[in-house]
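Please work through these exercises with the model open beside you. Try each task before you read its solution.

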Amino acid sequence: RMFHDDELEESEKFYVGQPRVLLLIYALYNTLVARSEMVCYFVIILNHMISASMITLVLPILIFLWAMLSVPRPSKRFWMTAIVYTEVAIVIKYFFQFGFFPWNKHVDYTKDKPYHPPNIIGIEKKEGYVHYDLVQLLALFFHRSILKCHGLWDEDEKGDTSSNKEDTDDELSLTGGRRGSSASLKSVNLAASVESIHVHFPEQQTAIRRKSSSSISRLSHSLYFLQCKLCAIKSHCGLCCFRTLQVYMPIRQFFYNLIHPDYSAVTDVYVLMFLADTVDFIIIVFGFWAFGKHSAAADITSSLSEDQVPEAFLVMVLIQFGTMVVDRALYLKKTVMGKVIFQVILVFGIHFWMFFILPGVTERKFSQNTVAQLWYFVKCVYFGLSAYQIRCGYPTRVLGNFLTKSYNYVNLFLFQGFRLVPFLTELRAVMDWVWTDTTLSLSSWICVEDIYAHIFILKCWRESEKRYPQPRGQKKKKVVKYGMGGMIIVLLICIVWFPLLFMSLIKSVAGVTNKPLDVSITITLGGYQPIFTMSAQQNQLKSLDPTEFSDFLRSYKGNTAALQFLEGYAREDITRADLEGNSNSLWTISPPSRNKMIQGLKDFDADFTLVISWTIQRTLEEVYPYYIKAPSDSLAKPIKQLLKGMSPDHGKQSMWENITVSLVKNASEEWWVLNQLGKRHKTPHESLELFIFSDKVSPPSLGFLAGYGIMGLYASVVLVIGKFVREFFSGISHSIMFEELPNVDRILKLCTDIFLVRETGELELEEDLYAKLIFLYRSPETMIKWTREKT
């Protein structure tokens, strides 16, 4: 008969009738109580992320290398260590807040220096220096109270006593009941030169899931430990060595029990570890600026667009990728010892890099680097998952991809997306072949993987057809036809016309006006010393007002070519440059060159060139380009549509302007003066007038794509995508035999059997099953029989 109590029933009804908000608070509190140790871990890590000092570094390392590796839970000794250490840290920080310490007199100057010794140690003077330590201490005491309420606070001592008693009885039975031998192993009194040293055997810390390794193993370890202690005490530094052994042997026994458990509740959290590493990889790529020096305003795309690979980015990416490869190898080999060693190396290495090397590279404290803090927090999640994997042990069988465990649309699309990532499928297949015992060659292994992937996709489609059956003889619904077909049509049209639309809209709609900052004119006669140099900047570069712009457009009424050109420019794209007619540099030609140039100008039968950024004829008529186009690149060209054709002022003729050139002498100095004859804005002094039409440029965020141009986009985007689309629509007739399989369960089971016998070490059977799979794909008749619907 089930136990029944009226008060318990009334209490349950009372809680059920409470408001939902109150029930949510109860649930959150119960969750907090159930995972109070995780709350402590989180607060400790958060405190270290904010403080980032040597004082707060100790507890996070102890969490990943002691607490999370303890079976079945951290011992009382760990929690007492954490509580006492936090209290001591609070006292130390408080003591060093007094102003009489030398380093506290210039706090504003040294607070942001990452390698300032008080900042490294964690004893610098600052506001709120102890807030997070108090929260940490509060969380530890809360967890201590929870353990006391459930009777788990003193469990370790009782478990150790009973365990030691059982071990002693086992040792007595092995030694034939000689009590003296047992006593000598349990507690040995050895006389030293000064004092009597009492030696204790290292105690076992786990009493629930694991027992001692074995009585014989325990006895051999005891004898080994006793022998080490005797040798140490006989030496000159015996006491020092003995103290070292007292620390070393429990640590050695802890990791020995961890690697050689009697019982193992295996689990598989490799997928979660891989996801945590992937998130860290993404953080490195998109938050690259946080891991380098003088790169706060830079990003990886701008660096790569300049064909530069920053060293900090390369090192971080290679280390992150290398750890993922090593993790995969350990997972496939199922070696707990290797994982323990890898965990120890990573914990010390990552903490040394993040808190001692990175601040020096970035020249800013870790607590001021938000991206690095986020990366470290995700890495702490990885450390926790790794510790859980070590504590529980690796699974005995690793079968297939984790995305192939269910046959639904979510797994189907995720699996196909996984296979689309460049080189990921190939790298995974080769690594699996290298670190898995098998008799298959690499090509045969890849063949099995490809068949399994193909059969899994077919299985997902067959399952979807069962969930959403199509009645026989019924036409497809319009929702399906217009939904799927219409989406494909729109997608294909967008791909075909994407370059034209992109290049047209990127500058007209999202384009940014690119006004000139400097306009320079240089004129050279016959290759001699330049006679005129002038620049227009700032106030000399003016925009047209609406009236001037309207008059300008009206002046080209009837000129179709000019009006078509002007359609692409707005008023803000046109700049009028007013250049001073007097050269800004003296004419420093030598007398012989001067006389030679005069003789050349007098000879009307000989050619004499005038260079204004290009070579023209001798005469100075119609040489000045009134309108210049400034494209996005550095090559500026005259606008021929505006310099030729019909116009109200010039008629049907060239519109290049005439200029006058005169040499002015002043004592021993001389310079040239140029004046434009036909100017829209008449000025009394000698000057040159120039209209610059600036092309809009693409926004900086899309510059990398717009830089390819129309033909580049067609070659790199449309043609490549078109090739994949053509492969999807062509060659279908050649794959009907392998695509139209009504029932793939038997083939899927055959692939799974190959994975299973490989994991169990039946390598001869693996060869036989692989030969059967190959024969099945070589025989269409057998394939038809194997894939029939079950009756």
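This is a predicted model: local features need pLDDT of at least 70, side-chain atom pairs count only at pLDDT 80 or more; totals for chains, interfaces and linings use all residues.

Residues are numbered from 1 along each chain as its sequence is written, and side-chain values use heavy atoms, with hydrogens and water left out.

**Exercise 1.** Find the span of helix α8, its buried residues and what covers them.

Step 1. Helices (H or I, at least four residues) and strands (E, at least two) are DSSP runs, numbered from the N terminus. Helix α8 covers residues 131–149, 19 residues in all.

Step 2. The expected span is 1.5 Å times one less than the number of residues. For α8 this gives 27 Å, and the distance from its first C-alpha to its last is close to that, at 27 Å.

Step 3. Buried means under 20% relative accessible area, exposed over 50%, partly exposed in between (1.4 Å probe, protein chains only). Among the residues of α8 that are buried are Asp 133, Gln 136, Leu 137, Leu 140 and His 143. An α-helix has 3.6 residues a turn, so residues three or four places apart point the same way.

Step 4. Contact means heavy atoms within 4.5 Å. The cover over the buried residues of α8 includes α2 (20–34), α3 (36–51), α4 (54–67) and α5 (76–95).

Step 5. After α8 comes Gly 151, with a positive phi near 70°.

**Exercise 2.** Locate the largest nonpolar core and say which element gives the most to it.

Step 1. A nonpolar core is a set of buried Ala, Val, Leu, Ile, Met, Phe, Trp, Tyr and Cys residues joined through side-chain atoms within 4.5 Å. The largest has 66 residues, and Phe 64, Trp 79, Phe 291, Met 354, Phe 366 and Trp 375 have the most contacts inside it.

Step 2. Elements giving two or more residues include α8, α13 (270–286), α15 (311–333), α16 and α17 (370–392). The most comes from α17, with 11 residues.

Step 3. Domain bounds come from an automatic or database domain assignment. The core lies between domain 1 (6–150) and domain 2 (269–398), because both give residues to it.

**Exercise 3.** Is Lys 339 buried or exposed, and which residues does it touch?

Step 1. Lys 339 sits in helix α16 (residues 336–362). Its relative accessibility is 1%, so Lys 339 counts as buried.

Step 2. Leaving out residues up to four places away in sequence, its contacts include Asp 327, Tyr 382, Ser 386 and Tyr 394.

**Exercise 4.** Trace the polar contacts of Asp 268.

Step 1. Asp 268 is in the loop between α12 (238–259) and α13. At 40% relative accessibility, Asp 268 is partly exposed.

Step 2. A polar contact is a pair of N or O atoms within 3.5 Å; within protein, one must be able to donate a hydrogen and the other to accept it, and residues adjacent in sequence count only if both atoms are side-chain atoms. The side chains of Asp 268 and Tyr 331 make one of 2.6 Å. The Asp 268 side chain also reaches the backbone nitrogen of Tyr 270 at 3.2 Å.

**Exercise 5.** How many disulfides are there?

Step 1. A disulfide is a pair of cysteine sulfur atoms within 2.5 Å. The count is 0 disulfides.

Step 2. Take Cys 447. Its closest cysteine sulfur, in Cys 751, is 9.3 Å away, so it is too far for a bond.
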